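Visitor: Could you walk me through this model? I'd like to know what packs where, and how each term is meant.

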Amino acid sequence: MKINNLETFKETISKRMALGTCISFHDASVSEIAADSGFDFCWIDMEHGVMNDTDLMYHIMALRGTGCAAFVRVADNSHTRIKKVIDLAPAGIIVPMVNSAEDAERMVSACRYPMDGGSRGFGPRRATGYGSMSTPEFLEISKSEPWIIPQIEHIEAVKNLDEILSVKGIDSICIGPFDLSCSMGKPGMLDDPEVKSVLDEICRKTRERGIVVGAYGGAAYQTWKARGANWISITDDEGALARNYRAMLAEASKVNA
């Protein structure tokens, strides 16, 4: 839907790796600033931080009319949780800690209506333009929107990756390298040969299945591009603000040296 810029996002990844940022601050102006700065997507995070449902709605609304797609990471793989978020019409739903095919099937089911094999409840509101779109038109779009994006961030998910990728309805996967490295007993050691090998394996197997690869990539742009990633989040609002504050303060403090 144009309301969430998924068409623009899909066009972008057909040409290059899309770049985004994670949003955890509750103020919707952060998403608006990110979009105006040129990010291809905002990954609005309901798993961590203090954001509530109203904050989330404002973030998604702030991205309407921009070229920036709204992805939402929900807190957990709960049918009720996903239902409340999906009715806000995001471009994609990211579910953390999808470690098995059963987890992936539960997620897919929550995102699709019963006639399409799912269990989603009907209450779209915003997704139909508050009634300006006909129900048949909306239901046709709902067969493929929002994108369904399980997060692969535990070694158990890697062991079950073939089965997870075989679940019908998955549009993309999102790799969480830090949690994954922690589950391997190597927290944050993303240059460790074993960790790198696992990350390479996830990307390779996902691409072979024709599924889009995404990740929290940080500043390792070239590394993720070489792995064939289609989209990466390169920063988050807290980190970007803190780094720039420190850099600006260090530069300004030189006058007092």
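Guide: A word on terms before the packing: contact means heavy atoms within 4.5 Å, and helices (H or I, at least four residues) and strands (E, at least two) are DSSP runs, numbered from the N terminus. This is a predicted model, in which local features need pLDDT of at least 70 and side-chain atom pairs count only at pLDDT 80 or more, while totals for chains, interfaces and linings use all residues. Residues are numbered from 1 along each chain as its sequence is written, and side-chain values use heavy atoms, with hydrogens and water left out.

Visitor: Fine. How many helices and strands are there?

Guide: The protein has twelve helices and eight strands.

Visitor: And which residues of helix 1 are buried?

Guide: In helix 1, residues 6–13, the buried ones are Leu6, Phe9, Thr12 and Ile13, where buried means under 20% relative accessible area, exposed over 50% and partly exposed in between, with a 1.4 Å probe and protein chains only. Viewed down the axis of helix 1, they fall within an arc of 120 degrees, so they line one face of the helix; the arc is that of the directions from the helix axis to the C-beta atoms.

Visitor: What do they pack against?

Guide: The buried residues of helix 1 pack against strand 1 (18–23), strand 2 (41–45), strand 3 (69–73), strand 5 (147–152), strand 7 (212–216) and strand 8 (231–236).

Visitor: What about helix 3, which residues are buried there?

Guide: Helix 3, residues 53–63, buries Asp55, Leu56, His59, Ile60, Ala62 and Leu63. Down the axis of helix 3 these residues lie within an arc of 160 degrees, so they too line one face of the helix. Their cover includes strand 1, strand 2 and strand 3, together with helix 2 (29–37) and helix 4 (79–86).

Visitor: Switching to loops: where does Gly117 sit, and is it buried or exposed?

Guide: Gly117 lies in the loop between helix 5 (101–111) and helix 6 (135–141), and it is exposed, with a relative accessible area of 66%. Its C-alpha atom is separated by 9.9 Å from that of Gly169, the two glycines being 52 residues apart along the chain.
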